[in-house]
Every structure is written in C-alpha cells, then in structure tokens.
Amino acid sequence: MEESRNGLSRRQALGAISWAALAVGMTANPALATPKRAGKPSDAAKKAFVDDLIKRMTVDEKIGQLRLISIGPEMPHAKLMDEVAAGRIAGSFNTVIRRDNRPLQEAAVKRSRLKIPLFFAYDVVHGHRTTFPIPLGLASSFDMAVIERMARVSAVEACNDGVDMTFAPMVDIGHDPRWGRTSEGFGEDPYLVSECARASVRGFQGTSPDKPDTIMAAVKHFALYGAVEGGRDYNTVDMSPLRMRQTYLPPYKAAIDAGAGGVMVALNSINGVPATSNTWLLQDLLRKEWGFKGVTVSDHGAITELTRHGVARDNREAAKLSIKAGIDLSMADQVYLAELPGLIASGEIKMAEIDACVREVLGAKYDMGLFADPFLRMGKPEDDPVDVKADSRLNRQPAREIARETIVLLENRNQTLPLKKQGTIALIGPLADSGLDILGSWSAQGVPEQAVTLRAGLEAAIEGKARLVTARGSNVIDDQKVVEYLNFLNWDKPEVVQDPRSIEAMIEEAVSVASQADVVIAAVGELRGMSHESSSRVSIDMPGSQRRLLQALKATGKPLVVVLMNGRPLAIGWEKDNADALLETWYTGTEGGNAIADVLFGDHNPSAKLPISFPRSVGQIPTYYNALRIGRPYTEGKPGNYTSQYFEEAQGPLYPFGFGLSYSRFTLKDLKLSATRLKRGQKLSAEATLTNEGSYEGANVVQLYIADPYASIARPVKELKGFQKVTLKPGESRVVRFEIGEDELKFINGELKEVVENGRFDVQLGLDSHDVLVQSFELV
Ligand code: NOJ
C-alpha cells in the first residue's frame with residue numbers, strides 16, 4: 001500500500017496510458033502481456049498482471065474495486081460517471097444499453113487514474129432480450145442441450161448489449177413450493193439441478209468467458225437459499241451438514257467445476273451464521289475444499305443486513321465480517337466505501353485481506369477479457385443498435401423450439417389433445433392474453449408487447465381454419481390486498497390490472513362463449529408476480545375465482561383443456577380430476593403462445609417431465625421424492641395406524657417427480673442387468689426396452705434411479721442417477737442402456753466422507769420416479 005502511495009514507480013506512471021498501449025508495451029515481457037481475445041490466458045500471466053496492478057493501487061482505488069453499483073435514485077448516471085472517473089467503482093449492474101454504458105466505460109479507461117475497466121453485470125437468468133421459459137420449465141425438458149442453447153443464445157444477446165457477467169444460473173434446490181423463487185430454480189433433485197447448472201455455465205461461458213460472445217456466469221445463491229424455513233423468502237436455514245452435502249450443495253459445486261467465474265452469496269443464514277459473514281462457507285468449503293478461484297459477490301444489501309441478522313453491531317462491523325469471510329464485491333454497496341478506510345486505518349482489516357478481494361475482482365475482469373479490450377462486448381459506437389428493442393434483435397425461433405420442450409402434459413382423457421384446427425374453439429381465462437405474465441419472473445429485457453400470448457399463438461396456428469371465441473372469465477386473483485402487494489413490488493408501473501366486472505358477470509360471459517364452442521381451452525394459474533422473489537404464498541391452491549370459472553366451464557359439458565401458467569407446483573387436485581386435458585406450461589417466454597399452440601394442435605408432441613413433485617395440498621409439503629428411509633413408512637395399499645401419513649388425505653404427491661405424458665403411448669419393459677454382482681472399480685449395465693406403441697412420433701425420458709436399502713446411515717428411498725431422452729417413431733423400440741459404477745453408488749456417510757459401501761442396490765428404470773421396473777445387484 002505504502003509503495004503505491006509514495007514515490008511513483010515506473011509502473012505507476014503507466015497508469016496514465018491506455019490499457020491497449022499497456023498491453024503493447026508489455027509484449028517485451030511475455031509474462032505481463034494480456035492476450036487479445038486469444039483463448040484462456042495462463043494462470044501465471046494473469047497472476048503477474050494482477051499483482052503488478054495491485055502494487056500500484058491506492059487504498060481508495062482498492063476499495064473502489066470492491067463496489068458493484070446499480071443506477072438508481074441514489075446513484076444517477078451523472079454521479080456514477082464521476083465515481084467511475086474517481087476510480088471508486090468496479091462495475092455496475094442493471095445498465096444494459098450500450099449508449100448508456102459506453103460513457104461509463106470511457107470514464108473508467110480514459111479518466112480514472114489507473115484506467116481499470118468496469119464490468120457490466122445483469123440478471124440474464126432465462127433470456128436477455130428474448131425471454132425463454134423460466135428455469136423450472138427449462139428443467140422440465142430433461143434435455144441439457146436445450147438448457148445450453150438457452151444460455152448460449154441469451155449470452156450472445158447480452159453481449160450485444162455490452163453485458164459481461166450474469167447473475168446465473170440459480171441452482172437453489174427447491175423443496176417448498178410456497179417459496180416464490182421456486183420458479184427461478186431447476187427443481188428438487190440434486191442430480192438434475194447439477195446437470196442443469198453445468199449446461200447453463202457451458203452455454204453462458206462457452207469455451208471461455210473472455211470472448212466477445214460469452215459472459216461470465218456467477219452461480220447463485222450460495223448457499224442453501226432454497227431451504228428457507230417455511231418457504232418464507234430471506235428466512236433462516238438450519239440444516240445438518242449431511243443433508244447439505246447430500247442434497248443442497250452439489251449443484252453449486254457442479255457449476256463451479258464447470259468453470260463458473262463467479263459466486264453470488266445468499267441472503268439467508270446457515271445454522272445461525274449468515275452466508276455473507278460465513279467463513280466456513282466462503283473460505284473453508286468454497287475456496288479450500290472446492291478450490292474455487294473466482295470472484296464472490298454479495299447479494300443486494302446483504303452486507304448491511306448483517307446488522308439485522310444480529311451478528312454485526314453496525315455497518316462497520318458488517319463490513320469487517322464480510323471482508324474477513326471473503327465477500328469480494330459488495331452489491332449495491334452501502335458500506336465498503338464508508339467503512340473500509342477506517343477499518344484499514346485501525347488495523348482491524350489488514351491490507352492483505354483487502355488485496356485478496358481486489359485480486360479476485362481484477363482476476364474476474366481479466367478472465368472476462370476486459371483488460372485486453374474494455375469494449376470487447378460493447379463494440380464500436382457506430383454499431384450501437386438504433387432501436388434496442390427492435391424485434392429483429394430477438395431470437396424467436398430458438399425461443400419457440402425451446403419452449404415446446406418444456407411443456408408437461410399431465411392429463412389427456414379420451415385423447416382430447418391434440419386438437420384439430422377446425423370448428424369453434426373457446427379460449428377463456430385471465431392468462432390467455434397476457435404478454436407480461438407469460439414472460440415469468442426475472443425476464444430481463446423481455447418486452448411484454450413482443451411476447452406471443454396464447455391467444456396470439458392460437459390465432460396464428462389456426463390460420464382462419466377454425467373460429468376462435470374468447471372471454472376473460474375471471475381475474476387471476478380477486479383479493480385486493482394481494483393485488484396491491486404485487487403492484488407495490490413492481491417499481492415501474494402496476495403489473496396487475498384488474499377487470500372491474502364482478503366475478504359472476506365474467507363467468508356468465510365465459511359460459512355463454514364456451515357454449516358456442518366445440519372445445520374450451522382455459523388459461524389459468526398465477527400472475528408472474530406471485531412466483532417471484534419476495535412472493536411466498538401460504539396456499540398453493542388455484543386462486544378461488546379461477547377455480548369457480550373452471551367449475552362453471554366444466555358444467556357446460558364441453559371438453560375442457562386446462563392450460564396452466566405458474567411458477568411453482570400448485571395443488572390442482574380438482575383440475576386433475578376434472579380437466580379432459582391438463583398442460584403444465586410454466587411461463588414459456590417470448591414465444592410462449594406459439595409453443596403452447598404447437599403442443600395443443602400436435603405440431604409438437606410433448607415430452608417434458610416434472611422436475612419437482614406436485615403436492616396434493618399445502619399441508620403435505622415437503623413432498624420431494626428422494627426422502628430418507630424411515631422406520632414406519634406408509635405402504636401403498638396397506639393403510640393402517642402408526643405409519644407415517646396424513647390421515648385425512650391420500651398419500652404421496654399428486655404428480656410425482658419425473659412425470660409427464662405424451663400423445664403417444666410409451667412402454668418400458670424387460671429391465672435387465674448385465675450382472676448381479678459388481679466388483680469395485682468395475683461397471684455393470686442396466687437396460688430396458690422403450691417402445692412407442694402409439695401413433696405419433698415422440699420422445700420420452702427414461703430415468704435411472706438407484707436405491708440403497710441398507711447402509712451405514714439411512715439413505716434416500718431412491719435417487720436419480722441418470723436419464724436419457726429418446727425419440728421414437730410409431731411402433732419403434734429401442735434398448736436404452738445405463739452404465740452403473742461407483743460414481744452412481746457413492747454417498748456421504750455419517751462422518752461426512754464420500755464412500756461406497758458393499759451390499760445390495762436396487763436399480764429402477766422408469767418413465768417417472770414412481771412407476772418403475774426394479775432389479776437388484778450386489779456390490780462386492
Ligand atoms: C437480488 C436477488 O436476490 C438476486 O438473485 C439478484 O441477482 C440481485 N438482486 C441482482 O438483481
């Protein structure tokens with residue numbers, strides 16, 4: 001520190017010239033040359049570059065590199081420019097217009113003393129300009145190529161807006177659908193979510209995050225945010241280390257192993273210690289055990305919230321705890337700038353501790369290719385898009401193709417679907433024509449007016465061959481307090497616009513419209529704001545007015561196709577029993593209406609599967625399929641006292657994990673193992689024959705579960721260990737084979753060690769987690 005404050009070294013003087021010139025000037029010393037868009041730089045070159053820079057930084061400049069700022073009322077654009085020029089900002093988030101960001105980057109690389117480039121971050125979670133289905137939907141595809149493609153296309157769009165980093169993927173395991181952020185995650189299963197995490201990172205970062213068309217992925221929310229108590233957002237997490245390692249931690253680890261350059265730290269506490277001040281989490285586990293070498297960022301306001309958690313007396317202590325725990329970047333910083341100088345001066349924080357954080361931030365900028373070219377993604381001013389929202393900037397075709405893969409067929413009585421493009425079709429329901437809701441939560445730069453609603457999708461599909469009649473039928477929810485809450489959550493303008501008519505009048509109109517039709521499609525579910533951050537629910541029922549609407553439509557006697565739009569499992573027992581066809585579409589994004597129409601009319605045969613179990617009622621939560629064995633399990637078909645059950649309701653989920661139908665009839669038969677004894681270090685294979693016995697070409701997902709009925713600790717009743725999506729023509733069969741070795745059999749034991757134990761294992765193959773073929777083998 002003193003070095004950089006006193007006598008200017010020759011390197012400090014370099015601060016006055018541009019980074020491009022610096023890179024050229026350094027070519028004499030290959031160790032310091034930053035490669036221009038040329039593959040991944042070597043760790044040694046990066047280290048030398050960053051170390052040299054840190055030596056030349058003042059304390060204030062170092063603190064500046066720990067601050068991530070969003071433009072807002074407290075930080076208008078002009079003020080942000082000055083702060084950047086003063087070297088007091090590392091990067092900004094929520095600014096995604098090149099014309100706005102360019103002057104900021106220029107202020108950094110032309111006006112600030114050391115000319116350290118800024119980086120621009122954003123929540124590119126399931127799309128950027130084009131909105132793809134929400135992550136829960138993406139996971140339903142059980143197709144990692146689909147997820148990778150979503151992330152790749154999103155990254156390219158984000159790069160075109162000069163975005164360098166995304167706060168994604170969100171890989172928090174969700175066991176409690178009351179939690180509104182269930183919509184942002186990939187579901188309940190550690191294996192599936194880990195696969196989704198890897199695919200997302202591959203898509204966002206491509207071969208390396210230093211390319212003009214790749215962005216750095218910051219996986220979130222580390223850790224265990226999905227386990228907040230009672231599904232109440234921001235709540236505490238109290239969890240055994242065993243459960244953490246067995247269930248909740250693997251997806252973060254998977255993202256990091258796939259190369260995620262950043263980690264966003266969760267808002268919740270873990271066993272009493274907030275993640276933001278959790279040295280065990282951020283240092284022992286993340287850095288030492290897992291070897292993470294990237295940058296950590298706090299979540300919004302999390303550092304100052306340490307005072308509310310009650311672990312920091314004031315902001316000063318909050319800043320100290322966070323730095324010591326290892327929070328490199330302070331998001332929406334309110335404390336690092338104010339508190340770190342004093343903490344450093346008093347010696348409570350050592351310069352080495354600050355340097356460790358600065359090193360990661362500069363390292364991330366280096367990895368994003370920004371030292372080689374600060375305008376790497378922003379490009380040249382003359383290429384700035386004239387109309388940032390131009391339709392030509394959207395990727396509609398991939399959005400439609402991806403969305404079709406995420407729609408789950410839950411019921412299809414009497415082959416109600418696919419529909420024919422003929423006669424009169426009634427489209428009813430408050431979500432039938434909502435361009436906003438179909439985008440789902442965290443829709444980035446998605447524009448509701450550019451979204452294809454279900455109504456628009458149906459109209460385009462029938463091409464005048466059938467008559468479409470419509471009615472709204474009800475509001476999504478009639479509780480004014482809820483509407484006000486949801487509107488309060490939105491900063492720009494009220495999201496929820498209520499139809500002022502009475503529910504009776506709306507239903508009457510809907511019934512009269514339905515009566516003219518040959519078939520009724522009802523689009524119902526949740527407003528997108530109901531499945532969002534800060535949107536925990538006490539009930540997961542279909543809101544009352546929509547249920548009344550559905551009952552009235554059912555009473556018309558017309559075939560009823562229920563199209564669900566929602567971001568969490570709902571308790572849809574009535575819909576299951578009464579709908580002639582039931583489609584879970586989640587929120588399908590910009591091309592949602594077209595994709596749903598493709599499925600409704602059979603232009604696409606649905607093949608998606610539920611990535612999360614659907615409870616029968618809120619009281620049944622949690623219902624995740626991979627629960628631990630217990631001493632008194634409920635046994636199907638053998639009701640009786642003194643077993644684990646709720647006595648007033650049927651047992652088990654309404655729809656199990658992995659469930660989803662097709663227009664074709666698929667059978668899975670003849671499970672065979674290649675051996676009944678497996679020696680350690682060797683593998684055996686499990687195979688079964690999948691047949692398409694129906695009359696449509698289609699895909700199905702064959703799922704491999706393994707159960708370990710006897711071990712040193714109680715193990716889950718079964719665990720997903722593999723899946724394959726297979727497309728078959730009508731009448732076609734294929735043998736689907738899985739390899740099983742120690743990787744599929746290992747688990748975390750009571751001493752928190754990864755082990756494989758000898759004994760019997762049950763191999764289960766099925767088209768969902770419930771209905772399976774079983775064969776056993778012995779590990780010896
Ligand atoms: C708060 C959210 O918890 C997080 O997921 C998001 O990335 C940040 N805000 C930034 O928008």
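The dialogue below takes the ligand site, a helix pair and some backbone features in turn.

Q: What kind of model is this, and how are residues numbered?
A: This is a predicted model, where local features need pLDDT of at least 70, side-chain atom pairs count only at pLDDT 80 or more, and totals for chains, interfaces and linings use all residues. Residues are numbered from 1 along each chain as its sequence is written, and side-chain values use heavy atoms, with hydrogens and water left out.

Q: Which residues surround the ligand?
A: A residue is near a molecule if one of its heavy atoms lies within 4 Å of it. Here the ligand is surrounded by Phe 93, Asp 123, Phe 167, Arg 181, Lys 220, His 221, Met 264, Asp 299, Met 331, Trp 442 and Glu 533.

Q: Which side chains have a polar atom at an oxygen atom of the ligand?
A: A polar contact is a pair of N or O atoms within 3.5 Å. Asp 123 has a side-chain N or O atom 2.5 Å from a ligand oxygen; for Arg 181 the distance is 2.7 Å, and for His 221 it is 2.6 Å. The protein covers 94% of the 290 Å² of accessible area that the ligand has on its own (Shrake-Rupley method, 1.4 Å probe).

Q: How do α11 and α12 cross?
A: Two packed helices are described by the angle between their axes and the distance between the axes. Helices are DSSP runs (H or I, at least four residues) and strands likewise (E, at least two), numbered from the N terminus. Axes are lines fitted to C-alpha atoms, for helices over the stretch in contact, with angles from 0 to 180 degrees between N-to-C directions. The axes of α11 (residues 241–248) and α12 (residues 250–257) come within 6 Å and cross at roughly 50 degrees.

Q: Where are the cis peptide bonds and the positive phi?
A: Most residues other than glycine have a negative phi, and most peptide bonds are trans. A cis bond joins Ala 168 and Pro 169, with omega about 0 degrees; Pro 169 sits in the loop between β4 (165–166) and α10 (190–205). Leu 417 to Pro 418 is also cis, omega being near -5 degrees. Trp 586 has phi near 50 degrees and lies in the loop between β16 (581–584) and α24 (592–600).

Note on methods:
Polar contact = N/O pair within 3.5 Å; in protein donor to acceptor, adjacent residues only side chain to side chain.
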